[in-house]
Amino acid sequence: AAAPQVIAVGGGAPAHGDNMDFMLHAGKVVFLTASVDELVARIGSAETRPMLAGKDVRAEIERLLATRSPHYARAHHTVDTTGLVPSQVARQIQEAVEKP
């Protein structure tokens, strides 16, 4: 048997074609989210992000989340990462995927 793996996809990947179906059938899907304020703060300079450059970052994040949320809602688990450090996020992901 193959060793367990973590595959991180970009935020838009689940919203394209049959990607989410493939992911759901391949293993447990965990959607990582955060508040819009946190996402804006994490992005920093939007000029290095092609989808955000020259746009109102907050408005674009809100638009993308609204468009993608039906796809994200299909994930097996959702972990809100707002205010968490990576070790806390990892612990919450582990707890989520270990649930029956």
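User: Why is R74 called partly exposed?

Analyst: In this predicted model, R74 has a relative accessibility of 38%; buried means under 20% relative accessible area and exposed over 50%, with partly exposed in between (1.4 Å probe, protein chains only), so R74 counts as partly exposed. Local features here need pLDDT of at least 70, side-chain atom pairs count only at pLDDT 80 or more, and totals for chains, interfaces and linings use all residues. Side-chain values use heavy atoms, with hydrogens and water left out, and residues are numbered from 1 along each chain as its sequence is written.

User: What makes R74 and D21 a salt bridge?

Analyst: The term requires a side-chain nitrogen of Lys or Arg within 4 Å of a carboxyl oxygen of Asp or Glu, and because the closest N and O atoms of R74 and D21 are 2.4 Å apart, the pair meets that rule. R74 sits in the loop between α3 (57-72) and β2 (77-80), whereas D21 belongs to helix α1 (residues 19-26), 53 residues apart.

User: Why is D37 called exposed?

Analyst: The relative accessibility of D37 is 51%, so D37 falls in the exposed class. Its salt-bridge partner is R58, with the closest N and O atoms 2.6 Å apart.

User: How do you know whether E60 is buried or exposed?

Analyst: E60 has a relative accessible area of 9% and is therefore buried, while R63, at 42%, is partly exposed. The side chains of E60 and R63 meet in a salt bridge at 2.7 Å, N to O.

Terms used:
Helix = DSSP H or I, 4+ residues; strand = E, 2+ residues; numbered from the N terminus.
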